[in-house]
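Visitor: I'd like to learn how to read pockets in a model like this one. Could you walk me through it?

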Amino acid sequence: IKGEVFHVKSSNGLGENSTKVRDAHGGIQYFGKFNWALVYAGLSPGSSPTAKSQYNEYWGGLVVKLPENTLAGFDGSTATIHYQIGTDTKNTGAEKTGPQLAQITNEWTRLVPSVNIRFKEKLDIQAAYMIAEDKNWALVANPAASFKYSGTAVEAGYMPNDTWHIGLHYDNYRSTDKIAGTSNYVLDYQRIVPAITYIVNNNIRFSVYYEKDLTDKPSDQIVDRVYLNLRMMF
């Protein structure tokens, strides 16, 4: 189960270099590790190593780890702050005969604070919140205003023993802007997913998920799902 807010692409995926936070970005990254923290910074040409625009993406972050023996049972817990910026484009490329189209740009930013709380190797809680801004979401020549949205993803897992794992996932995102002439938001998404996993051994496990759509929309547009996942590793 993935936090869907992290899959929303810059420019709604309509640009030449539209990317999302969860993408694997081809590029270079530097990191430095200390006793209680990890810092990192990187850059990438964007959606692919051969992205045709002249812009790069940049990111950086800090991961702070709870020092051992500081708080009994919470060893391995962390807090992270991640910041990423980039520029999506339209009309980039070689000149053609006839009228030329000026390159259009969309400068975007993503800020993601998150925490991972672990307790006695039985309880694991992960939560992240993303604040996003696209200065030219629609990739138009004269953007009126920035497009902003934000979202949350929370997961909790508990293992009462070595055979069973009980999980709960919740995520949502919503834009500031609404669709013109309506009360509906341009981006609006919310769901909750309880799950239970039966662990046969270290290589085989079965999981059952129930996905409940909580988005505020007409009932005939709501789709709930139940699905089974079998994971086998050899």
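**Reading the pockets**

Guide: Start with the second largest pocket, whose volume is about 440 Å³. A pocket here is an open set of points on a 1 Å grid over the protein atoms alone, where a 1.4 Å probe fits, with protein on both sides within 12 Å along at least five of seven lines. Points are joined across faces, edges and corners, and the volume is the space filled by probe spheres set on them.

Visitor: Which residues lie nearest the centre of the second largest pocket?

Guide: Phe6, Ser114, Gln126, Ala127 and Ala128, out of 20 lining residues; lining means having an atom within 4 Å of a point. Strand S5 (104-119) gives the largest share, 4 residues. Strands are DSSP runs of E, at least two residues, numbered from the N terminus.

Visitor: And how much space lies in the largest pocket?

Guide: About 530 Å³. Closest to its centre are Glu155, His165, Gly167, Thr197 and Tyr209. Its lining has 8 nonpolar, 8 polar and 4 charged residues. Asp, Glu, Lys and Arg count as charged, Ala, Val, Leu, Ile, Met, Phe, Trp, Tyr, Cys and Pro as nonpolar, and the others, Gly among them, as polar.

Visitor: What is the mean pLDDT of the chain?

Guide: It's 93, with 100% of residues at 70 or more; pLDDT is the predictor's confidence in each residue, from 0 to 100. This is a predicted model, where local features need pLDDT of at least 70, side-chain atom pairs need 80 or more, and totals for chains, interfaces and linings use all residues. Residues are numbered from 1 along each chain as its sequence is written, and side-chain values use heavy atoms, without hydrogens or water.
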